[in-house]
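Please look over the sequence and the model shown here before reading on, so that the description can be followed residue by residue.

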Amino acid sequence: MILYPAIDLKDGACVRLLRGDMAAATVFGTDPAAQARAFQDAGAEWLHLVDLNGAFAGQPVNGAAVEAILDAVTVPVQLGGGIRDMATIDGWLARGIARVILGTVAVENPALVEEAARAHPGRIAVGIDARGGRVATRGWAEDTEVTATDLARRYEDAGVAAIIYTDIDRDGAMGGPNTAATEALARAVAVPVIASGGVSSLADLVALRDTGVIAGAISGRALYDGALDLGDALAALR
């Protein structure tokens, strides 16, 4: 199982939100590139970036910070937040992003996801952000009636590289991930599933790993707070 350290970008800084609330942002650093290098130096094999402003704006906002990170590291980077058209997808992949995460458009424009997956095999992920099992879009500001499982199955044969499943109620709350829901989703589809939201301890990671079906986990606040040591976590997962 791969551990993805998270760098969430708001106004050019590294922050963490509580349950997706932009007004409840804690700033953990003003140099995202330095943070990315630190994660890489500690042994991270991947990085997970989110343009939080972009998720609300519907277009990239923290592009300068993302590009600084790409210049600073050699490990692959996946990026989500405000990526809602083919030109933006093509642009980020051309600039060195290894994998683009499509969330809102996965609900609102399935044809775009399918087109992108055909054009860029292995480089498109679907982000499924759920509250109470129902998908939320547009920076988690809008709830839908679509279930996480139904949305995941919609893309099972589309050629997407992964599904990133975030339990919004757990995100940033340091209360542990929704392991049962994530495992159920991973067992429902053949696409690799990455867990996000609430990963706050080594025990959380081990529980996700021991399901035997979850391909990866994303952690942010726990790494910044020191509740989870990246080196220890990577060693345990190896």
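The paragraphs below go from the overall fold to the annotated positions and then to one further residue.

This is a predicted model, in which local features need pLDDT of at least 70 and side-chain atom pairs count only at pLDDT 80 or more, while totals for chains, interfaces and linings use all residues. Residues are numbered from 1 along each chain as its sequence is written, and side-chain values use heavy atoms, with hydrogens and water left out.

The chain contains 11 helices and 12 strands, where helices (H or I, at least four residues) and strands (E, at least two) are DSSP runs numbered from the N terminus. Its C-alpha atoms fill a box of roughly 40 × 35 × 35 Å along the principal axes. The radius of gyration is 16 Å, which agrees with the value near 18 Å that a compact globule of 238 residues would have; the radius is taken over C-alpha atoms, and the globule rule is 2.2 Å times the number of residues to the power 0.38.

Of the 238 residues, 55% are buried, a term that means under 20% relative accessible area, as against over 50% for exposed and in between for partly exposed, with a 1.4 Å probe and protein chains only. Among contacts in the chain with a separation of 6 or more, 67% join residues 24 or more positions apart, contact meaning heavy atoms within 4.5 Å. The chain exposes about 9200 Å², and carbon and sulfur atoms supply 47% of this area, which comes from the Shrake-Rupley method with a 1.4 Å probe.

Which positions does UniProt mark as "active site"? The unreviewed entry places this feature at Asp-8 and Asp-129, although such annotations may be inferred rather than shown by experiment. Asp-8 is found in strand 1, which covers residues 2-10, and it counts as buried because its relative accessible area is 7%. Beyond its neighbours within four places in sequence, Asp-8 is in contact with Ala-13, Cys-14, Val-15 and Arg-16, as well as with Val-50 and Leu-52. Asp-129, for its part, belongs to strand 7, residues 124-131, and its relative accessibility of 17% is why Asp-129 counts as buried.

Is His-120 buried or exposed? At 16% relative accessibility, His-120 counts as buried, and its place is in the loop between helix 6 (110-119) and strand 7. Leaving aside neighbours within four places in sequence, the residues that His-120 contacts are Met-86, Ile-89, Asp-90 and Leu-93.
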